[in-house]
Amino acid sequence: ARWQEEAVDATESAVAARGGRADLVALVRPDDPEAHAALHAAIFATGRPLLLLPRDKAASHFGRHLAIAWKAGASAEHAVAAARPWLQRAARISVLMIGASDGAPPLPPELAPLLDGSAAKPTVLAVDTGTLSAGERLLQAATALGADGLVMGAYRHPRIMELIWGGVTREALRHAELPLFMMH
């Protein structure tokens with residue numbers, strides 16, 4: 001691992017260029033417009049997984065108990081595949097799926113092969129959103145379970161649609177107080 005810190009004129013282009021050569025891009029959740037540009041570059045321009053860390057909380061642990069926000073699709077599959085090294089070492093894995101269910105739903109067949117080799121047997125939970133957005137509810141459920149990170153796909157729908165109507169990624173980025181491991 002190598003830490004690199006430097007002053008640049010255009011944060012977005014620097015993140016895109018340097019992040020594209022990295023195995024993992026790690027950023028602190030932004031609070032200013034230039035940092036938001038860097039975040040979007042990390043998600044869309046690098047082609048690499050992103051570990052987004054909370055701004056006001058030290059992330060002293062990551063990977064002991066990982067939650068996966070699962071909705072079948074390419075972005076979720078890419079995120080879980082990229083997180084495999086952490087998932088294989090996790091002591092506990094919780095799979096969170098939006099929707100009401102009688103009892104625990106089965107492990108989705110698309111997800112099972114991505115979790116092969118994991119030390120922990122995943123627990124699958126249906127999460128009812130109630131009055132919250134799906135993104136807020138997934139974060140709330142992960143936190144209530146004691147997860148120290150949430151693995152999720154980023155921007156399943158085009159970014160402009162999520163900006164207009166909202167979306168799980170947008171809400172997770174806005175409200176996360178635990179590390180997010182994301183991939184587009």
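The structure is a predicted model, in which local features need pLDDT of at least 70, side-chain atom pairs count only at pLDDT 80 or more, and totals for chains, interfaces and linings use all residues. Residues are numbered from 1 along each chain as its sequence is written, and side-chain values use heavy atoms, with hydrogens and water left out.

**Exercise 1.** Describe the surface and the burial of the chain.

*Solution.* Step one: the accessible surface comes to about 10000 Å², and 53% of that belongs to carbon and sulfur atoms. Step two: 40% of the 184 residues count as buried (under 20% relative accessible area; exposed is over 50%, partly exposed in between; 1.4 Å probe, protein chains only).

**Exercise 2.** State which residues of helix H5 are buried, and why they line one face.

*Solution.* Step one: helices (H or I, at least four residues) and strands (E, at least two) are DSSP runs, numbered from the N terminus. Step two: in H5 (residues 134-144), Gly135, Leu138, Leu139, Ala141 and Ala142 are buried. Step three: viewed down the axis of H5, these residues fall within an arc of 165°, so they line one face of the helix; the arc is that of the directions from the helix axis to the C-beta atoms. Step four: Thr143 and Ala144, on the other side of H5, are exposed.

**Exercise 3.** Identify the elements against which the buried residues of H5 pack.

*Solution.* The partners are strands E3 (65-69), E4 (92-98), E5 (123-127), E6 (149-153) and E7 (180-183), together with helix H7 (168-175).

Conventions: Accessible areas come from the Shrake-Rupley method with a 1.4 Å probe; for residues, only the protein chains shown count as cover. Contact means heavy atoms within 4.5 Å.
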